[in-house]
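Here is a short report on one protein chain. Look at the sequence and the model first, then read on.

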Amino acid sequence: IIVNARNAPPTGYVQWIAVRPSYQRRGIGTALVREVVRRMCVEEEGHVAQVIADTPMVNTPALAFFKHLQFGNPEDHVYMHMNLNTREPPSAAAVAPEPQKPVKAS
């Protein structure tokens, strides 16, 4: 669960919800998501205005699950990651943006 109150509107994110396959279709996942959303709506927990569920577009069971819970407006998006377990961390210079060269007016 991630709550980012600096967003406009304040947004909560559901990153991972998992239920062991032998326990699926018993309402456990539904109860988990409903409780997460309930807690996100409580002032002490962050009081979000919207909740975003993150799942790949190819995960059709998850899409159906979230649609069942009234999530909507699915969007394609790209996530990129850097696995720091398989390589040396980049130097600060490697990840810092290059300075922009001024454009001369003609």
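## Ground rules

Helices (H or I, at least four residues) and strands (E, at least two) are DSSP runs, numbered from the N terminus. This is a predicted model, where local features need pLDDT of at least 70 and side-chain atom pairs count only at pLDDT 80 or more, while totals for chains, interfaces and linings use all residues. Residues are numbered from 1 along each chain as its sequence is written, and side-chain values use heavy atoms, with hydrogens and water left out.

## The fold

The chain has three helices and three strands. Along the sequence they follow the pattern β-β-α-β-α-α.

Buried residues make up 15% of the chain's 106 residues. Buried means under 20% relative accessible area, exposed over 50%, and partly exposed in between (1.4 Å probe, protein chains only).

## Thr 30 and helix α1

Thr 30 sits in helix α1, which covers residues 28-40. Thr 30 counts as buried because its relative accessibility is 16%. Leaving out residues up to four places away in sequence, Thr 30 touches Phe 65, His 68 and Leu 69. Contact here means heavy atoms within 4.5 Å.

## The nonpolar core

A nonpolar core is a set of buried Ala, Val, Leu, Ile, Met, Phe, Trp, Tyr and Cys residues joined through side-chain atoms within 4.5 Å. The largest one has eight residues: Val 14, Val 33, Val 36, Met 40, Val 48, Phe 66, Leu 69 and Phe 71. Helix α1 gives the largest share of this core, three residues.

## A loop residue

Ile 17 lies in the loop between β2 (11-14) and α1. Ile 17 counts as partly exposed because its relative accessibility is 30%.
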